[in-house]
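Here are a few notes to read beside the structure. Please keep the view open as you go through the points.

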Amino acid sequence: MSTSTPVGRGPLAAVALVLVAALSACGDLHASGSTARAATPGASEGAASPYVEPGAGDGAPHYNENNAYRRSREMSPAHAKDAEREAGRIRPVLERLWEQRKWDPATVRAALLRLGYEEERVTKDGKLLGGTLTVSEMPSRWKDDGYVTPEGTRVALRVHRDACVTAFLQKSNFDVRTNGPYLETGCFEPPYGH
């Protein structure tokens with residue numbers, strides 16, 4: 001009785017071994033000898049990805065991708081001018097209210113409606129019915145053991161589909177800015193996800 005392997009199984013077994021080796025090493029880069037030791041990060045070096053995206057704030061991999069929701073869209077030059085003009089109308093009103101120490105939403109809303117803006121109306125499913133002005137309390141924040149809502153007001157004015165004026169007014173300060181809308185939150189800058 002012969003103990004030799006049939007002719008067809010030898011090459012097939014070799015191909016199978018090469019395929020298993022290739023698949024198990026998929027995506028891994030291997031170096032040998034001293035090259036492998038030099039490429040291994042030491043205890044003082046971080047093991048972070050060597051790739052840093054251009055413009056990545058903290059250098060973390062995928063920073064730009066993970067923070068895309070926090071970037072406003074571009075405004076056309078003409079609409080940016082319109083937004084700046086509206087910001088110029090809103091700024092003195094908020095400054096006067098801040099000096100009078102009046103930063104509650106009802107007072108701010110009433111003052112801005114006197115400029116001729118109409119309050120934005122939206123259906124429950126998010127469809128815009130009309131108006132351009134949104135005035136609300138400040139967003140809640142985590143403090144100590146729970147959420148607190150700071151005293152003050154935030155404002156958004158949709159000047160065009162691609163142009164907004166956003167502002168806030170609180171005890172410590174106030175600010176008025178122009179920006180394009182955010183993908184998920186409209187004129188208001190979205191909160192950090194985590």
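**Notes on a helix and a strand**

1. The buried residues of helix H5 pack against helix H4 (77–99), strand S3 (133–137), strand S6 (153–160) and strand S7. Bear in mind that this is a predicted model.

2. Which residues of H5 are buried? In this helix, residues 105–113, they are Val108, Ala111 and Leu112. Seen down the axis of H5, these buried residues fall within an arc of 95°, so they line one face of the helix.

3. Take leucine 112, which sits in helix H5. Its relative accessibility is 0%, so leucine 112 counts as buried; the cut-off for buried is under 20%. Leaving out residues up to four places away in sequence, leucine 112 touches Ile90, Val93, Tyr117, Leu133, Val135 and Val155.

4. How far apart in space are leucine 112 and threonine 134, C-alpha to C-alpha? The distance is 10.0 Å, and the two are 22 residues apart in sequence.

5. Now turn to strand S7, residues 163–169, where threonine 166 is found. Is threonine 166 buried or exposed? Its relative accessible area is 14%, and under 20% means buried, so threonine 166 is buried.

6. The side chain of threonine 166 makes a polar contact of 2.8 Å with the side chain of asparagine 179. Asn179 is also among the residues in contact with threonine 166 once neighbours within four places in sequence are set aside.

Definitions and conventions
Residues are numbered from 1 along each chain as its sequence is written. This is a predicted model: local features need pLDDT of at least 70, side-chain atom pairs count only at pLDDT 80 or more; totals for chains, interfaces and linings use all residues. Side-chain values use heavy atoms; hydrogens and water are left out. Helices (H or I, at least four residues) and strands (E, at least two) are DSSP runs, numbered from the N terminus. Buried means under 20% relative accessible area, exposed over 50%, partly exposed in between (1.4 Å probe, protein chains only). A polar contact is a pair of N or O atoms within 3.5 Å; within protein, one must be able to donate a hydrogen and the other to accept it, and residues adjacent in sequence count only if both atoms are side-chain atoms. Contact means heavy atoms within 4.5 Å. The arc is that of the directions from the helix axis to the C-beta atoms.
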